[in-house]
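Thanks for coming. Please have the sequence and the structure up while I talk.

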Amino acid sequence: MQRSPIHRTFDVIAFEAVSKTYAAAKGPGGHAALSEVSLAVKAGEVFGVIGASGAGKSTLIRLINGLETPTGGKVIVDGDDVAALGVDGLRALRRRVGMIFQHFNLLSGKTVAQNVAFPLKLAGRPAAEVKARTAELLERVGLSAHADKFPAQLSGGQKQRVGIARALATNPKVLLCDEATSALDPETTEQILELISGLNRELGLTIVLITHEMDVVRRVCDRVAVLEAGRVVEEGAVEDVFLHPTSDTARRFVREADGEVSASGVDGRLVRLTFRGEATYKPVLGEVARTTGVDYSILGGRIHRLRETPYGQLTLALTGGDVAAAIAQFQKAGVRVDVLNGEGV
Amino acid sequence: MENVAFNNVDWAEIGQATLDTLAMLGGSMILTIALGLPLGVILFLTGKGQMLENRAANGLLSLLVNILRSVPFVILLIVMIPLTVALVGTSLGVAGAIPPLVVGAAPFFARLVETALREVDKGVIEASFAMGAKRRQVVLGALLPEALPGLVAAATVTAVALVSYTAMAGVVGAGGLGDLAIRFGYQRFQTDVMIVTVVLMLVLVQVLQMIGDSVVRKVSHK
């Protein structure tokens, strides 16, 4: 998805061969959470980092706002080398980088309004401004009616909305989402992702989110990096990684999101068709079968959206007729064909 | 059974002793919090994985607290006499009781404070830093307010412990209800005096606990 031209080439966040090794509790050695990670997050994009637990996602996102410090390489955020910032510089950076958490991390003894006001008070803003800004933020996340409640009186989704309002209080450029929907049910996850997407569109907020769910990436991200044992094993536009994963880890996540086709004991040529955009809705399959005389059996399939782009993926076994011609005809219709068995096209 | 008819009970003296006990309790409680709270906060903050992690300082403070806590209070009362005289000019009466009470209770309270602070969700502390808080702001604005119910409960337990400490302080001439119980109830076999003082202390403990519990409920929003 193309971004506005002013922002397109500007990296808000850059990881330059970043490593993080935690010292061992006793003796030499240690645990490498991240190894030589290089990444660039462009202004105004939603960047996802997906990985299993222990892959280093949590460390990666905390390096961005200096909650963790790298043991090698550089993290550049909004033009600053995070590790080189002094105490005041780091605090100023943290006001430009909001963060939300899996378990919300709200102050239980403060009301919703007081929670949202907290970062503004920390920054020493005048009371009148704090009050006005808090009301505005609560309005944005739809919690104005709950301003005087305590977090314990809210649902999970409402708590995360408070977290989001609080993270936005100081008008940050970047929003870090640390497994922000992992503790929520599917319906609430949908609403929170919708809200996050809206912030990206309306405020031009750059968003980095870490997750272990491919579905979250599919719904909101522009680009994604796949993390495995502290290394980036795949990176690219979400459509590419999702439809044509090249690493085992990425394939595993896609499979988790969609279910996998079992093709053992099937006759004929096994092909996977990938439809994108308008092709998704055209009656290509019937046309090809009629004109080339191939029979097909559908072994698996899915039709979904990647953000705004519809796509479909079908796994077929083609038998009889002119299989090669059928494949050529699919390709002509703008459908990508991957042959899963036998010789190529 | 003339004792049980409360013939020995001098109600004016009981009243004075009750006031003395309350004075010792109030004075020592204020000083215990004033000393124990910062001590507990420092114990917590210098602990492993905390924001002011410092093994040497933590080890030293911890040792001091453990030493003071392992001395039986009756012994502490006696050992403290020269220091008490140096501090308040006398080792007798309400004033003379307060230094040993504070030295006995503050380390105890500090440990309870440390435990209460450990109960605070680490995520909340991390979130505060992520919002750009200074350490001082994290401690005063997030850590202590989040621990408030636990801190109030710790103060309640400490106040109840101080009631029994004030009774022991009677041994070295501190006055108060404990003193009456020992001098009249125990040494002169005046069971009625013993009953009255014990009942009064029981009521005092009960009232303290009820106040503490109700404040905890009020400040807790979990």
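I start with a definition: a residue is buried if 20 or more other C-beta atoms lie within 10 Å of its own, exposed if 12 or fewer, and partly exposed in between, with C-beta atoms placed from the backbone. By that count, 41% of the 345 residues of chain A are buried.

This is a predicted model, where local features need pLDDT of at least 70, side-chain atom pairs count only at pLDDT 80 or more, and totals for chains, interfaces and linings use all residues. Residues are numbered from 1 along each chain as its sequence is written, while chains are lettered from A and ligands numbered from 1 in the order in which they are written.

The C-alpha trace of chain A spans about 75 × 55 × 40 Å along its principal axes. Chain A has 11 helices and 14 strands; these are DSSP runs, helices being H or I of at least four residues and strands E of at least two, numbered from the N terminus.

Now a sheet. Four strands of chain A form an open sheet in the order β2-β1-β4-β5, with antiparallel pairing; two strands pair if DSSP finds at least two bridges between them. Its edge strands, each pairing on one side only, are β2 (30-42) and β5 (80-81) of chain A. Between β1 (residues 11-23) and β4 (residues 72-77) of chain A there are five bridges, and Ala14(A) has Ile76(A) in β4(A) as its bridge partner.

Last, the contact between chains. How many residues does each chain give? Chain B gives 19 and chain A 18, with contact meaning C-beta atoms, placed from the backbone, within 7 Å. On the chain B side, α6 (122-130) and α7 (135-169) each give two or more residues, and α6(B) has the largest share, six residues.

Key: Contact = placed C-beta atoms within 7 Å.
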